[in-house]
Amino acid sequence: MGHELRFLLNDTEIRLTEAGSSDTLLDFLRLNRRLTGTKEGCAEGDCGACTVLVGRLHHGTLHYEPINACIRFLASCHGCHVVTIEHLRGQGGGLHPVQAAMVEHHGSQCGFCTPGFVMALYGLWMQNPRPDMLAVETALQGNLCRCTGYEPIVKAAFAASEAGGQNFDALTVERDRVTAALSAIPRERVEIARGADRAILPSDAADLALVLAENPQATIVAGATDVGLWVTKFLRDISPAVFIGHMQDLKKIEITPGHITLGAGVTYSEFEPFVLAHFPEALDYWRRIGGWQVRNAGTIGGNVANGSPIGETPPLLIALGATLRLRSAEGVRDLAVEDYFIDYGKQDRRPGEFVESITVPLKGEEARIAAYKVSKRHHADITASAAAFHVETDGATIIDARVAFGGMAATPKRARGAEAALRGQPFTAETFEAAARAVANDFQPLSDWRASAEYRQQLAANFFRRFWLEQSGAEHRLRRVE
């Protein structure tokens, strides 16, 4: 067992023997290291002003991604390379191509958000040397600007790609050195504390089971995209906190005949290629989960385990018939994702248990899949209502239907009355109109600041109509007339 946090910060190796469970990376950068280029805006992973790059060895390969430093806990940086805007430089020590492009295209006005934009574009520039407009817009989902507008920033993104220079970038030149330095950090359990405030990093899933047996009331922290707000917004005490985002055995993805199994630590970004390959109908929905920084940190297992009624992945997983594997020191047990949610804030997870993996059946040839989300802002916003459809047909008749909703009840929940209205019926507009009427009896949603109960009921009915329009090839999107 180790008692030291070790990571790289730009060119410097950091070793800490004291840290609290809720210490954030942003505070460490600004207050401890005086790296003030990284800004605090929202403190909830929404505005992107705090964006930094974090590199981690993933199955032996060093991979960098933009993340939000404001909700990234310092303990989760163990074994990582943290890169801030101060590390950027061009050939000869001048401006980096992304920085130069922002200057040339007037992409900064007040300047507060600029470092975050630069770091997001830096991540794009490293990963995708020739981005299209969709790639640029996706990279900027998690960054907000209140002054300049986005057109000059988008122009800067394309100008930086034209400038190139990735082979001469510091992260490329230093890759072997950084890989060797991170590989030298022992893969052992790490426990670190500040007084009674404890952070624990298990070495693997077996060790995690032992840690939770010893600390059954511990807070499990994966990507911290929700737990981070417990600290920054609600000032909650999360000690002892057990960090699992670094555990490689929770990041495995395995495809077997008829199924795909992913470890609970797989992030949204890591699973996106598999969504594209196996469930392409849900790709747009997937890319609306948070912003890029959130998808790089947030995990699918954490989204399910947290039990939120507005989590984006449970409706889709429930519609697809996915199952969870829960593990503890006493063994493992499997249950359907839909059975995991008992009531608001209550899940079927016993003391000492954690979500180890999720198994998703691959769709059949006649399956029709769709997932929809409505929110006040298109990207990087919390769901008002969401729906996922999995409809099996023989071409003309609906053989089976699974339709799950988020934001309509105290838990993610299937619309069983609407499903019954679909099964055995012809695949026609009239059938889906009947289901749209039937769904009114499936839920009694609440009114809140995101949407009224009446609005949610109307959305639920309209999701069925939209699904039919999409499947029939009719026009289904509202479009602005130029």
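Start by selecting Trp468: this residue is buried, with a relative accessible area of 19%. Keep in mind as you look around that this is a predicted model.

Phe432 and Trp468 form a stacked aromatic pair, 6.1 Å centre to centre with 25° between the planes. Colour the helices and you can see what this pair does: Phe432 lies in helix α17 and Trp468 in helix α18, so the pair ties together parts that are 36 residues apart in sequence.

Next, how many aromatic pairs does the structure hold? There are 19. Another one to visit is Phe427 with Trp468, a tilted pair at 5.6 Å centre to centre and 55° between the planes. Phe427 sits in the loop between α16 (416-422) and α17 (429-438), while Trp468 belongs to helix α18 (residues 453-472), so this pair ties together parts that are 41 residues apart in sequence. Phe427 counts as buried, at 11% relative accessibility.

Stay on Phe427 and select Arg368. Where does Arg368 lie relative to the ring? It is over the face of Phe427, at 4.2 Å from the ring centre.

Select Tyr372, Phe389, Phe405, Phe427, Phe432, Phe443, Phe463, Phe464, Phe467 and Trp468 together: they form one aromatic cluster.

For a last stop, select Trp230 and Arg236. The charged end of Arg236 sits over the ring of Trp230, 4.0 Å from the centre of that ring.

Terms used: Residues numbered from 1 in each chain as written. Predicted model: local features only at pLDDT ≥ 70, side-chain atom pairs only at ≥ 80, totals over all residues. Heavy atoms only, no water. Phe/Tyr/Trp six-rings, centres within 6.5 Å; stacked < 30°, edge-to-face > 60°. Helix = DSSP H or I, 4+ residues; strand = E, 2+ residues; numbered from the N terminus. Buried < 20%, exposed > 50% of the residue type's maximum accessible area, 1.4 Å probe, protein only. Lys NZ or Arg CZ within 6 Å of the ring centre and 35° of its normal.
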